[in-house]
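Below is a short briefing on one structure, arranged by topic. Please read it with the coordinates open.

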Amino acid sequence: MRPAWTAAFTPEGLAFPTPIPVLDEITPDWAWGGSTGRGVRVAVVDSGIEADHPALGGMVRGGVAVVERGGQVVYDDGPHGDDFGHGTACAGIIHSIAPEAELYSVKVLGPTLSGTGSAFAAGLRWAIEHQMHILNLSLGTTKREFYATLHELADTAYFKNTILVTAANNFPQPSFPSVYASVISVACHDQKDPFLFYYNPAPPVDFGAPGIDIQVPWRGGGYISTTGNSFAAPHISGIVALILSKHPGLTPFQVKTILRATAWNVRNHQLPRQVEGGVAAER
Amino acid sequence: MTEDAADALTPEALTARLRQAEATILAQAREIAELRDQLADATFAEELRQALVRMGAAGQLTAPVAHNELLDLIVRTAAHVLGAQAASLFLIDHETNELVFEVALGESAAEARRFRVPLGEGIAGWVAATGQPVAVSDASQDPRFAAAIARSIGYIPRSVLCIPLRSGEAIIGVVELFDKANGQPFTAADMELLGQFASQAAVAIEQSRIVRDLTQLFSAVLQGLLPGGSEEEALRRALETHAAAFTERTVQSEWYRETLQITHLVSEISRHGPEARHLCQQILASVAAYVRSQASQNAAGGWLR
């Protein structure tokens with residue numbers, strides 16, 4: 001019993017898909033060995049980022065806050081913080097994996113926005129138009145009225161080679177854009193190694209990454225331990241940043257193929273060996 | 001000493017017996033753990049069932065008192081099932097973008113009800129804004145968040161599990177549980193369990209809220225019907241008084257929109273003289289009788305899907 005969509009990543013539920021011999025040549029070392037994420041722009045579409053948090057190493061390079069003024073959704077490019085801590089947590093996870101990736105904060109959540117779908121869509125549009133390579137979306141909406149708008153944005157991103165990494169809803173109901181075919185959808189598993197991820201052959205969730213009781217930076221310069229699919233997605237965003245840094249110009253479907261080829265359960269056909277303080281993962 | 005007994009004392013035999021005993025103990029421990037899980041599930045299912053039966057009853061026809069009791073019951077049940085030391089429930093005021101503190105449970109829970117915090121405060125704010133649950137095992141690291149919690153339950157907890165209350169597509173509030181009895185952090189399983197509970201609870205809250213609001217509206221209409229005022233004037237005044245709450249909820253809830261449509265139709269028909277009123281009354285009475293008979297047939301299933 002765990003957050004929705006995570007059953008596929010339990011010892012009982014984990015599938016071991018057939019390797020494709022040619023793809024076997026794609027190893028983690030080929031995919032991201034030696035990469036730091038340099039030159040890759042990652043937008044964290046969330047509650048903002050606390051840019052001076054020590055866990056971010058000064059890598060927050062810009063961003064925008066979507067705000068409501070007079071009933072209109074507008075962009076505010078002045079500095080902003082993180083109202084909740086959630087965006088800082090996601091940024092921190094990405095930075096811990098891809099330390100030289102540039103982080104951009106697209107703030108679509110705040111006290112006066114209460115998570116409106118239109119602010120979310122506006123944030124996505126900004127990030128796509130501003131040539132971000134990766135959008136980390138540890139949030140989504142279940143409101144069907146935004147289905148078409150978000151679908152169009154996801155397709156636009158796909159055609160521009162912008163990778164959308166989304167967290168699956170924690171409840172077993174569809175949330176947008178995480179159920180679209182064009183995005184990389186992530187749920188959490190209970191392993192701790194940040195580079196250990198599983199491939200799920202039964203969509204809409206594509207991959208499983210750490211997200212259960214993990215330590216993350218939070219607002220106010222502190223850290224908390226937390227659980228949720230929200231924290232699995234930035235692990236994959238970080239790894240994608242490493243891959244894109246080493247292999248610039250890859251398309252979303254190529255990135256998905258590389259992730260599949262390098263997933264633990266595709267390469268190893270067995271459960272990871274538990275060792276003290278985590279697992280011995282192949283890197 | 002017999003030969004068999006002597007054999008039984010050789011180091012090999014002893015080791016073998018020790019292994020066997022260890023295996024038995026392990027198997028028993030596993031069995032006990034399984035039974036405990038099954039028991040926990042069964043207890044939870046039963047408690048949930050009882051809670052929902054009582055919630056259904058609470059939604060029958062009584063006004064604000066029952067509504068508050070319902071909220072209290074939801075918090076109590078959730079805390080009890082997951083073994084939490086304290087708990088609180090906030091509902092969202094979409095007009096002011098605030099979380100309105102409704103109920104707290106715990107040794108030093110707040111006396112004062114209905115204090116408000118901006119929607120953008122910490123973990124509860126995130127959950128309310130996104131509809132996604134969050135479990136945190138060292139909440140004291142977030143001082144602003146900790147202060148908001150301390151205000152409701154009287155102390156700063158270590159672990160928190162925060163779950164949205166969802167009614168259809170709308171998020172109507174959040175339930176927070178604090179500190180499990182065994183000192184362990186809340187697990188992913190707890191998150192799922194409380195999530196299931198919260199979705200049922202949200203339906204009950206919406207039902208109860210509709211009943212409460214409609215009761216208030218009708219009593220206002222009835223008061224307006226006292227000699228000296230016209231029917232339309234009374235309806236207008238009542239709607240004005242309750243307009244804010246109604247506008248907010250009619251936008252969010254199909255339930256409200258449909259209920260209001262029915263009210264409008266009845267009101268329109270009533271204006272066409274006693275015959276139209278009589279016909280309308282008869283039709284509605286038949287529909288109500290039919291709905292009641294269907295409801296009693298489906299009582300076993302109910303809305304516990």
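Helix α3(A) is largely enclosed by the rest of the structure, because 10 of its 13 residues are buried (under 20% relative accessible area, with exposed meaning over 50% and partly exposed in between, using a 1.4 Å probe and protein chains only). This is a predicted model, in which local features need pLDDT of at least 70, side-chain atom pairs count only at pLDDT 80 or more, and totals for chains, interfaces and linings use all residues. Residues are numbered from 1 along each chain as its sequence is written, chains are lettered from A and ligands numbered from 1 in the order in which they are written, and side-chain values use heavy atoms, with hydrogens and water left out.

**Helix α3 of chain A**

- Helix α3 covers residues 117-129 of chain A and spans 18 Å from first to last C-alpha, close to the 18 Å expected at 1.5 Å a residue (1.5 Å times one less than the number of residues).
- Helices (H or I, at least four residues) and strands (E, at least two) are DSSP runs, numbered from the N terminus.
- Among the buried residues of α3(A) are A:F120, A:L124, A:W126 and A:I128.
- The cover over these buried residues includes β1 (41-46), β2 (60-69), β3 (72-76), β4 (102-107), β5 (134-137) and α4 (147-159) of chain A, contact being heavy atoms within 4.5 Å.
- After α3(A) comes A:Q131, which has a positive phi, near 60°.

**Helices α5 and α6 of chain A**

- Helix α5 (residues 233-246) and helix α6 (residues 252-262) of chain A pack at about 110°, with axes 11 Å apart.
- That angle makes α5(A) roughly perpendicular to α6(A), a label for 65 to 115 degrees.
- From α5(A), residues A:I236, A:I239, A:V240, A:I243 and A:L244 meet A:V255, A:I258 and A:L259 of α6(A).
- By class, this contact has 8 nonpolar, no polar and no charged residues (Ala, Val, Leu, Ile, Met, Phe, Trp, Tyr, Cys and Pro count as nonpolar, Asp, Glu, Lys and Arg as charged, and the others, Gly among them, as polar).

**Interface of chains A and B**

- In the interface, 33 residues of chain B are in contact with 34 residues of chain A.
- The two chains bury about 2900 Å² between them, 55% of it on carbon and sulfur atoms; this is accessible area (1.4 Å probe) lost on being put together, summed over both.
- On the chain B side, B:W126, B:Q132 and B:E169 lose the most area to chain A, together 22% of what that side buries.

**Chain B**

- Chain B has 9 helices and 6 strands.
- Of its 305 residues, 42% are buried.
- B:E192 lies in helix α6 (residues 188-224) of chain B and counts as partly exposed at 25% relative accessibility.

Notes
Axes fitted to C-alpha atoms, helices over the stretch in contact; angles between N-to-C directions. Parallel < 35°, antiparallel > 145°, perpendicular 65-115°, else oblique.
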